Amino acid sequence: MIIISLINQKGGCGKTTTAVNLAYALANRGRRVLMADLDPQAHATFSLGIKPKYTSSDFFDNIINNRPFDYNSYLTNRANNLYVLPSSIGLSAVEQSLIEHKNKLDVLSNALNKYEAAFEYCIIDCPPNLGVLTLSALVSSSYIIVPIGVCELSLKGVENLNNIIKILYEHKKVAPQIHYLLTQLDRRFKFSQSFYKKIQEYFGNALLSTVIRTNIHLREAAASGLSIFEYKKDSRGSQDYRQLAQEIEKISHPPRLVKFVLKGKDFKEVYLVGEFNDWAPCDNYKLKKVDNDTWAIDLPLKKGKYSYKFIADGRWINDPSNNLQEDDAFGGKNSVVMIN
């Protein structure tokens, strides 16, 4: 699952608008998307018209207090391919409890691992500060998008964010890839044009080529609890966020998750080996026992053809559930999977 956090300490720069409409655009393109609202103001939840029974405050409260719960019951199915972990003002109180948690920066990452096999993307709308919720999102993320409105104040927090990421890398060895997104651009004004040139020089290749233009329909859509694609599908706003989704797909290249399963209740350990790991058994490719006689692993694979086998207690085994095979170099057979 590709995790992307939307972060900016300054409000009003299009952070939540981008989180909501990027998530919806990716879902429209057939991607399985989870959008997590981590802002206690719950603007993303409101912008999608969600009135949830459970929210991220209950979600984190259960985790902090070690209460068992059904992770899926906290998600709202907002549209085809799009699920939302909604928020509420109660998250502010939970955040204070989270600060005292032993592994506070890993709580979110560990929780999102529960959804790893179900989604291709997770879009996180962070609060407009660098508190523990935002820091947890930074630790969890592969990518960060920083919306920059056409305003000098939008740039003020960028240096702080970069310093925080450097510190996190020193302590946690995580370094999400940062991209900047220009929002609220009105090309009719000279200041907008000069500001755009300025940030192009300042951010270089880290600045996304997509630009979000000013569009009143984006505000109207949020006020109506709708994505821009539901409210005005032919507007400039929908065009821009559709383009952004395409650009994010190209940057992230999310692989397809392929499930490999082997039956055998007497096995002690099972590994998956193939061209993707030079036929060498290792912990990253070790199958988990999911019930009495079933071992499984979800492996992210890009488009292509892959030969593989299982190693169960030191014995090499073809996949009995896969009839597609080819000769190997030793006179035997390899199982084959094709990813389109």
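Trainee: What is the bridge partner of lysine 289 in strand 12?

Mentor: Tryptophan 295 is the bridge partner of lysine 289. Keep in mind that this is a predicted model, where local features need pLDDT of at least 70 and side-chain atom pairs count only at pLDDT 80 or more, while totals for chains, interfaces and linings use all residues. Residues are numbered from 1 along each chain as its sequence is written, and side-chain values use heavy atoms, leaving out hydrogens and water.

Trainee: What makes strand 11 and strand 12 a pair?

Mentor: Three bridges run between strand 11 (residues 288-291) and strand 12, in the antiparallel sense. Pairing takes at least two DSSP bridges, so three bridges qualify strand 11 and strand 12. A strand here is a DSSP run of E, at least two residues long, numbered from the N terminus. Aspartate 291 stands opposite threonine 294 in strand 12, and a hairpin of two residues joins strand 11 to strand 12.

Trainee: Which strand order does the open sheet have, and which strands stand at its edges?

Mentor: The open sheet has three strands in the order 9-12-11, paired antiparallel. Strand 9 and strand 11 are at the edges with a single partner strand each, so one side of each has no neighbour in the sheet.

Trainee: What makes strand 12 mostly covered?

Mentor: Six of the eight residues in strand 12 (residues 294-301) are buried. Buried means under 20% relative accessible area, exposed means over 50%, and partly exposed is in between (1.4 Å probe, protein chains only).

Trainee: How do you know that glutamate 326 and lysine 305 form a salt bridge?

Mentor: Their side chains meet at 2.9 Å, N to O. A salt bridge asks for a side-chain nitrogen of Lys or Arg within 4 Å of a carboxyl oxygen of Asp or Glu, so this pair counts. Glutamate 326 sits in strand 15 (residues 325-327) and lysine 305 in strand 13 (residues 304-312), so the contact ties together parts 21 residues apart in sequence.

Trainee: What makes aspartate 328 and lysine 309 a salt bridge?

Mentor: Their closest N and O atoms are 3.1 Å apart, so the pair passes the cut-off. Aspartate 328 is in the loop between strand 15 and strand 16 (333-339), and lysine 309 is in strand 13, 19 residues apart. Aspartate 328 and lysine 309 are both buried.

Trainee: Why is aspartate 327 called exposed?

Mentor: Aspartate 327 has 55% relative accessibility, so it clears the limit for exposed. Aspartate 327 forms a salt bridge with lysine 333, with the closest N and O atoms 2.5 Å apart. Lysine 333 is partly exposed at 38%.

Trainee: How many salt bridges does the structure hold?

Mentor: The structure holds 15 salt bridges.

Conventions:
Helices (H or I, at least four residues) and strands (E, at least two) are DSSP runs, numbered from the N terminus.
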